[in-house]
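Here is a structure to read together, one question at a time. Please keep the sequence and the model side by side while following the answers.

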Amino acid sequence: MRARHLDKIAGRESELWNEVENLISTKQPKSYDCAVKLLVDLRDLAARKGKADEFRARIDAICTAHARKPSLIERLRKAGL
């Protein structure tokens with residue numbers, strides 16, 4: 001089932017990254033949760049395509065840019081991101 005979900009969203013990575021940024025910019029806990037779900041999908045897609053390093057760089061950039069949002073950072077940490 002997970003593989004089917006990833007197949008469905010494959011090819012939409014840039015769109016999903018934009019959605020993540022939009023969700024984070026709302027500064028709302030529910031939006032952070034949605035962003036984290038999308039990031040988990042993006043991580044799994046990156047791993048599938050051998051692009052884990054690119055993913056890690058983008059996550060690091062998000063953490064740096066949003067370091068003043070402890071609620072977001074904690075959610076990322078709990079999700080293993």
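Q: Leaving aside its neighbours within four places in sequence, which residues is W17 in contact with?
A: This is a predicted model, and in it W17 lies in helix α2. W17 is buried, since its relative accessible area of 9% falls under the 20% limit for that class. Once the neighbours within four places in sequence are set aside, the residues in contact with W17 are L39, L42, F55, R58 and I62.

Q: How far apart in space are W17 and K30, C-alpha to C-alpha?
A: Along the sequence, W17 and K30 are 13 residues apart. In space, taken from C-alpha to C-alpha, the separation of W17 and K30 is 17 Å.

Q: Is the aromatic pair of W17 and F55 stacked, edge-to-face or tilted?
A: A pair of aromatic rings is described by the distance of the centres and the angle of the planes. The count of aromatic pairs comes to one, and in that pair the ring centres of W17 and F55 are 5.7 Å apart. Planes under 30 degrees apart would count as stacked and planes over 60 as edge-to-face; the planes of W17 and F55 stand at 45°, so the pair is tilted.

Q: How many residues apart are W17 and F55, the two members of the pair that links distant parts of the chain?
A: W17 belongs to helix α2 and F55 to helix α4. F55 counts as buried at 6% relative accessibility, and W17 is buried as well, with 9%.

Q: Which residues touch the most other members of the largest nonpolar core?
A: In soluble globular proteins, nonpolar side chains tend to be buried together. The largest nonpolar core of this model has 22 residues. Within that core, the residues that touch the most other members are V20, L39 and F55.

Q: Which element gives the most residues to this core?
A: The elements that each give two or more residues to the core are α1 (2-9), α2 (13-25), α3 (29-48), α4 (52-65) and α5 (70-78). The greatest contribution is nine residues, and the element that gives them is α3.

Q: Which residues does L39 touch, not counting residues up to four places away in sequence?
A: L39 is one of the residues that touch the most other members of the largest nonpolar core. When residues up to four places away in sequence are not counted, L39 touches W17, V20, F55, I59, I62, L76 and L81.

Q: Is A35 buried or exposed, and which residues does A35 touch beyond four places in sequence?
A: A35 has its place in helix α3 and counts as buried, because its relative accessibility is 0%. The C-alpha atoms of A35 and L23 are separated by 5.9 Å, although the two residues are 12 residues apart along the chain. Not counting residues up to four places away in sequence, A35 touches V20, L23 and I24.

Q: Is α1 roughly parallel or roughly perpendicular to α3?
A: The axes of α1 and α3 come within 10 Å and cross at roughly 90°. Angles of 65 to 115 degrees count as roughly perpendicular, which makes the relation of α1 to α3 roughly perpendicular.

Q: How many charged residues does the contact of α1 with α3 have?
A: On the side of α1 the contact is made by R2, A3, H5, L6, D7 and I9, and on the side of α3 by V40, D41, D44, L45 and R48. By class, this contact has five nonpolar residues and one polar residue, while the number of charged residues is five.

Q: Which residues is D41 in contact with, leaving aside its neighbours within four places in sequence?
A: D41 lies in helix α3 and is among the residues of α3 that make the contact with α1. D41 counts as buried, because its relative accessibility is 8%. Leaving aside its neighbours within four places in sequence, D41 is in contact with R2, H5, L6 and I9.

How values were computed:
Residues are numbered from 1 along each chain as its sequence is written. This is a predicted model: local features need pLDDT of at least 70, side-chain atom pairs count only at pLDDT 80 or more; totals for chains, interfaces and linings use all residues. Side-chain values use heavy atoms; hydrogens and water are left out. A nonpolar core is a set of buried Ala, Val, Leu, Ile, Met, Phe, Trp, Tyr and Cys residues joined through side-chain atoms within 4.5 Å. Buried means under 20% relative accessible area, exposed over 50%, partly exposed in between (1.4 Å probe, protein chains only). Helices (H or I, at least four residues) and strands (E, at least two) are DSSP runs, numbered from the N terminus. Contact means heavy atoms within 4.5 Å. Axes are lines fitted to C-alpha atoms, for helices over the stretch in contact, and angles run from 0 to 180 degrees between N-to-C directions. Angles under 35 degrees count as roughly parallel, over 145 as roughly antiparallel, 65 to 115 as roughly perpendicular and the rest as oblique. Ala, Val, Leu, Ile, Met, Phe, Trp, Tyr, Cys and Pro count as nonpolar, Asp, Glu, Lys and Arg as charged, and the others, Gly among them, as polar. Rings of Phe, Tyr and Trp (its six-membered ring) pair if their centres lie within 6.5 Å; planes under 30 degrees apart count as stacked, over 60 as edge-to-face and the rest as tilted.
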